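Colleague: Please put the model up. I would like to go through its side chains with you.

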Amino acid sequence: MTARAVLNGRAGCKNYKLVPCSKKKVSGEPSLPDELIFYILVWLPAHVLYNSTRYVCWQWYKIIHDPLFCKEQLLHSSTGLLLQDHHVPHIAQFAEFGEMSATLTDIKFKFPSRVLSTCNGLVLFCNPHDPSTLHVANPLTKQTVTVPPLKCHPDGSCISFACAYSKMGYKVLCTYGPDGDKHNCVMLTLGKDNAWKQINRQKLSDRGWSMIKYRPFSIGQFLYWADRREKSVVVLDVESELFNEFRSPAVLTWRSHTSIFYQRRGRTLSCSLMTKCRSLMDVLVLSDPTSGEWRMLYKIDFGAQKHLLTGMNHASFPPSGDEALLFVPIAWVNKGDVLVLYISRPSGYSGSYFAFNVKTGNFFKVGSKDYCVFDVCCGYAHSLDSPTPTEVTIHK
């Protein structure tokens, strides 16, 4: 690579200037093409790219700040969990998962309130002093955008956001109505719209429309509403701003011996069906959000690992006869290879977070706490993405 210019200043410093790398004459050999550097750098973690790599030279800086690079780098990232302390919201950790272990690191961003939704490493939260004011932020780059104010009071509202990839932007959705009934659905594009606009819901049945009161799963360009008591799943494509409705793979009834859990898995929605004893689990994934086709992915028997769990954490699961453990699936991480579960005994009030690697069949514990104190945001990863992408301009 030819020596061109580097940023003079430490990583993360906003006050910098461009200075020559060297006064020597550069050789006639051409530098590596941008395309090759693009596909090398895209494999590096976002925090490494942001804190150091982008300061190597002007060529790398331009590549790393390209919105297309930010989206491609996110596809190569391994998603984990954002763990936010329920009692102290401004304290949060990022849980990243490997094949046999989980690493928890502090997120160096002071969250003013509980996170309402996440998408592509961005977080949506409200102002604790003025709940009608919303913000979208990137905890890594610290870039924060204020959302135009809502006309309705946010209490009882459901707020989320998703990515419109074709326009390289994000759209925020709010559903609200009187007395808890969701009669209105409004949306805006961050950085472009100054006012909220009404969304057409003609394709939804009355029952489907009533489901909008639940908090959706934000997965790429789609928002999904799914509930174990409902016969339908509702999906909104934020690109076209059109709703779709299709049948659920299973419905919970009062005589049912199966528990139903929906989770995000990679770039799609999954449904886990667990027997009453919570040891056998079938995992289905949504193949196509337009047709509503589901396919079987895994059949998992957790009963075979009971002795492993008891040996790993005797304090959490002391011997108690034949009492079964309760397995509650929380999230899929590490590109869908690892399932995070909350495991406890029916007679106990506390449990622990464990991760199960579906490829190796191994369990490992997440963190050291033996009780549930976290608000868990699934599918989080450090990202370089911006709430309102713009071209980067550096003044010499």
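This is a predicted model: local features need pLDDT of at least 70, side-chain atom pairs count only at pLDDT 80 or more; totals for chains, interfaces and linings use all residues.

Modeller: Residues are numbered from 1 along each chain as its sequence is written, and side-chain values use heavy atoms, with hydrogens and water left out.

Colleague: How many disulfides does the structure hold?

Modeller: A disulfide is a pair of cysteine sulfur atoms within 2.5 Å. For cysteine 158, the nearest cysteine sulfur is that of cysteine 174, 8.0 Å away, and cysteine 158 is in no disulfide. The number of disulfides in the structure is zero.

Colleague: Is cysteine 158 buried or exposed?

Modeller: Buried means under 20% relative accessible area, exposed over 50%, and partly exposed in between (1.4 Å probe, protein chains only). Cysteine 158 has a relative accessible area of 4%, so the term is buried.

Colleague: Which kind of pair do phenylalanine 38 and tyrosine 39 make?

Modeller: Rings of Phe, Tyr and Trp (its six-membered ring) pair if their centres lie within 6.5 Å; planes under 30 degrees apart count as stacked, over 60 as edge-to-face and the rest as tilted. The structure holds 17 aromatic pairs. In this one the centres are 5.0 Å apart and the planes are at 65°, so the pair of phenylalanine 38 and tyrosine 39 is edge-to-face.

Colleague: Which of its residues is exposed?

Modeller: Phenylalanine 38 is at 16% relative accessibility, so it counts as buried. At 51%, the exposed residue is tyrosine 39.

Colleague: How many residues apart in sequence are the parts tied together by phenylalanine 109 and phenylalanine 125?

Modeller: Their ring centres are 6.3 Å apart with planes at 55°, so this pair is tilted. Helices (H or I, at least four residues) and strands (E, at least two) are DSSP runs, numbered from the N terminus. Phenylalanine 109 lies in the loop between β5 (102–106) and β6 (115–119), and phenylalanine 125 in strand β7 (residues 122–127), so the separation is 16 residues.

Colleague: Which residue has arginine 54 over its face?

Modeller: A charge sits over a ring if NZ of Lys or CZ of Arg is within 6 Å of the ring centre and within 35 degrees of the ring normal. Arginine 54 is at 3.9 Å from the ring centre of tyrosine 50.

Colleague: Where does leucine 32 lie?

Modeller: At 40% relative accessibility, leucine 32 counts as partly exposed. Its location is the loop between β2 (17–20) and α1 (34–41).
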